[in-house]
Amino acid sequence: MARPGLLIDDSGASTSMEGRAARFAAAASGAWTAVRRHRIILFVTMALCVLAGVVFILLSTPDYRATASVEVEDVPAGAAGAAAAQRQATPSDNEALMQTELEVLRSRALAEDVARELALIGSRTFFDGMNVRRPEQGTGALSQRQVETETVVGLLRDNLHVELPGKSRVIRISFTSADPVLSARVANSYADSLIRADLKRGFESGVQARRFLLGELDGARKDLERAERDLAVYAANAGAMALPGSREAGSKEAGSKEDDGDPSPEGTIATRLAQLNAFRAQATADRIAAQKRWESARMSSVETLPEVLNNGAMQQIMTERALARAQVVQERQFRKDAHPEMREARARLAALDDQAEGMANTIRASLKEQFDVAVHGEKQIQSEIAKVERQARAERGRGVQMSILERQVDTYRLLHDSLLQRYRDMASQAGFQAGRIQPLDRAAVPSRPSSPNIGVTMLFASLGGLILGLMAVAGRHIFDDAVTSADTLAERVNLPLLGAVPAGEKPGAEIFAPMASSLLLGSAAGLPRSILVTSAQEGEGKSSTLHALARALAKLDKRVLVIDADMRRPKQHSLFGISPARGISELMTGQARMDDVIVDSGVPGVALLPCGAIPPNPAELLVTPAMDSLLATVRERYDTVLIDAPPILGLSDACLLASKAQVTLLVVEWGRNHHGGLRVAVDRLRRAGGAIIGAILTKQEGRAFEYDYHRGG
């Protein structure tokens with residue numbers, strides 16, 4: 001089930017589409033109507049354009065175009081090293097190449113080359129073929145020869161046509177002139193000159209390339225000599241035995257030395273360093289053992305030292321001291337200390353103690369000396385190892401520098417050999433290199449002229465005539481307000497046509513009778529109580545039309561009052577054949593009463609309120625309340641009031657009166673108002689509040705009514 005909102009949206013879209021279709025159909029119908037109405041303008045414009053095309057064909061000098069073609073290749077055939085140097089060309093590269101060749105063709109240098117090759121400067125045949133007069137004298141600072149040269153070059157460049165068919169590599173070179181033989185010669189000369197210019201550029205670029213390569217080769221040779229000299233000097237300063245010729249020779253020599261066991265400086269240093277590291281390990285172990293013994297001797301009692309305990313002399317002294325100490329103890333049991341034997345025993349014990357202490361100190365000093373010797377030996381080995389390591393680093397640095405210099409020599413030698421080979425290749429190909437541009441087709445002498453092209457010229461003339469004719473029709477339709485029928489009146493200002501008055505003699509009353517009858521239906525209540533009659537411009541017949549309408553309404557038994565409110569050029573009194581002394585101007589200023597100024601017109605049922613004295617500013621009188629009071633009063637006495645107002649354009653009187661009258665009747669002259677005046681007038685009336693009920697067409701020429709019963713039903 002569809003949602004209500006969706007149904008509403010679909011209905012709105014459908015209505016919008018129908019509205020657009022209706023507007024399009026209306027616009028198309030209006031355009032077709034305008035074209036049909038002004039078909040004479042369209043046909044005349046097309047005929048004039050076709051005639052102009054025929055005259056152009058008859059007066060034009062036939063021109064002949066000859067075309068030659070050349071092919072542009074990516075890389076010149078047979079170019080030295082082309083297979084190695086060629087890369088995949090991108091579309092942008094191809095486009096840039098072709099555009100460059102086109103600009104070369106259009107260049108002044110190539111035109112001068114063609115002029116020299118064909119000897120066109122000074123050739124009367126060339127100027128006759130180009131339909132140009134040959135310069136006979138110089139101008140300003142230029143001589144006659146220079147002026148002629150500039151003319152020839154300008155004609156060659158102006159009449160040259162180059163094109164690229166599609167995305168191909170073919171260039172078509174065309175030249176146009178009045179002489180078919182000259183056109184073919186110039187086109188072929190342009191193709192030949194382009195090929196020669198390409199060969200010349202290739203030869204000059206080859207010479208420049210060889211010069212450049214020769215300079216680079218000389219620089220590479222000097223760099224190679226300098227690198228070899230630096231390597232030799234460094235090898236001599238570093239104490240090298242011989243300078244290796246290449247990396248392969250150096251590698252083979254190093255391999256043979258390793259196989260034969262021949263000690264090289266690097267090998268000797270490495271062997272010695274390994275030995276010293278072994279000695280350092282042993283010295284470190286000895287120093288640690290001596291340090292432990294010394295620490296034990298320094299911190300422990302002498303009698304407990306292994307060195308003391310393992311010493312035979314020390315053991316003997318300690319044994320004797322023990323015996324002496326035992327004897328002293330034994331003697332002390334039986335004798336006193338002063339006893340001679342007791343003193344002798346103590347003296348012998350003291351001597352043994354001193355002897356034991358001296359020998360212990362000697363052993364301790366020996367351990368200290370052993371420790372110092374171990375420390376000194378370890379330091380010496382470490383110093384020797386540091387010295388050998390410095391030597392090894394120096395040898396490695398010299399080896400690295402030697403390798404750098406050798407690689408530099410190899411690089412410069414490779415560069416030198418490559419440049420030398422390239423130079424030999426270019427030198428061998430010099431003078432044998434093909435160009436980038438190759439001839440494809442030679443220009444043949446044309447048998448038929450290329451211009452003027454009768455079919456194309458007539459087609460453009462017809463299309464141009466059609467377009468100009470439609471533009472003329474559209475311009476006339478937009479800017480022309482000339483009314484010639486009921487259709488044009490409705491189309492221009494959207495007003496109905498109440499009737500038409502033919503031009504020529506004064507029309508009879510029977511012509512205005514239908515118009516008067518139409519006025520009886522001018523409002524919902526019948527005949528409007530007040531009708532303003534005016535026109536867009538002066539001289540369209542509004543006053544005479546109002547006079548005739550008043551007579552026609554009177555014949556319909558209507559009481560009519562004619563007010564001549566055109567206080568600038570009043571005419572109603574002359575049309576009725578009376579000469580009143582006072583009128584509406586005196587009534588508006590209060591100088592007269594209404595009954596005094598309304599006079600009998602001489603026509604039964606028609607009264608006249610003439611203008612009277614012409615005031616200096618009629619618009620000021622029309623805006624006063626007196627005009628409203630006048631209209632309100634006369635409505636009760638008469639069936640209708642016809643007000644003759646001044647023209648709308650240029651004056652404000654008609655707009656002021658239109659806002660006071662019930663309806664407005666517009667008088668339009670047949671075939672007038674060509675510049676939008678009618679539309680402006682109608683717009684002004686409508687903005688002022690006037691209700692326009694229709695228009696009367698005056699001074700109509702041709703048929704009385706132009707109407708088609710088959711038009712739109």
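Trainee: In the largest nonpolar core, which residues touch the most other members?
Mentor: Keep in mind that this is a predicted model. The core in question has 46 residues. The ones touching the most other members are Leu-561, Ile-563, Leu-609, Leu-630, Ile-643 and Leu-666.

Trainee: Let's take Leu-630, then. Which residues does Leu-630 touch, leaving out those up to four places away in sequence?
Mentor: Leu-630 belongs to that list of core residues touching the most other members, and so does Ile-563. Skipping residues up to four places away in sequence, Leu-630 touches Ile-563, Ile-584, Leu-587, Met-588, Met-594 and Leu-609.

Trainee: How many residues are in the other core that lies apart from it?
Mentor: Ala-111, Leu-120, Met-130 and Ile-437 are among the members of that other core. Its count is 37 residues.

Trainee: Back to strand E10. Is Asp-644 buried or exposed?
Mentor: Asp-644 sits in strand E10, which runs over residues 640-644. Buried means under 20% relative accessible area. Asp-644 comes in at 0%, so Asp-644 is buried.

Trainee: Which side chain makes a polar contact with the side chain of Asp-644?
Mentor: Asp-644 touches several residues beyond four places away in sequence, including Val-533, Lys-542, Leu-546, Ile-563 and Gln-572. Ser-543 is also on that list. The polar contact, at 2.9 Å, is with the side chain of Ser-543.

Trainee: What about Asp-557: buried or exposed?
Mentor: Asp-557 is in the loop between helix H17 (542-555) and strand E7 (560-564). Its C-alpha is 7.2 Å from that of Gly-605, a residue 48 places away along the chain. The cut-off for exposed is over 50%. Asp-557 has a relative accessible area of 70%, so call it exposed.

Trainee: Which side chain is joined to Ser-193 by a polar contact?
Mentor: Ser-193 lies in helix H8, and at 0% relative accessibility it counts as buried. The polar contact is 3.1 Å, and the side chain at its other end belongs to Arg-196.

Trainee: UniProt places a "coiled-coil region" at residues 210-237. How far apart are the end C-alpha atoms of residues 210-237?
Mentor: That feature comes from an unreviewed UniProt entry. In the model, the span is 100% helix and 0% strand. Its end C-alpha atoms lie 40 Å apart.

Trainee: One last thing: what is the phi of Asn-494, which is not a glycine?
Mentor: Asn-494 is in the loop between helix H15 (486-493) and strand E5 (497-502), and at 60% relative accessibility it counts as exposed. Asn-131, in the loop between helix H6 (124-129) and helix H7 (144-158), has a positive phi of about 55°. For Asn-494, phi is positive too, at about 60°.

Technical notes
Residues are numbered from 1 along each chain as its sequence is written. This is a predicted model: local features need pLDDT of at least 70, side-chain atom pairs count only at pLDDT 80 or more; totals for chains, interfaces and linings use all residues. Side-chain values use heavy atoms; hydrogens and water are left out. A nonpolar core is a set of buried Ala, Val, Leu, Ile, Met, Phe, Trp, Tyr and Cys residues joined through side-chain atoms within 4.5 Å. Buried means under 20% relative accessible area, exposed over 50%, partly exposed in between (1.4 Å probe, protein chains only). Contact means heavy atoms within 4.5 Å. UniProt positions are given in the numbering used here, feature names are shortened, and annotations may be inferred rather than shown by experiment. Helices (H or I, at least four residues) and strands (E, at least two) are DSSP runs, numbered from the N terminus. A polar contact is a pair of N or O atoms within 3.5 Å; within protein, one must be able to donate a hydrogen and the other to accept it, and residues adjacent in sequence count only if both atoms are side-chain atoms.
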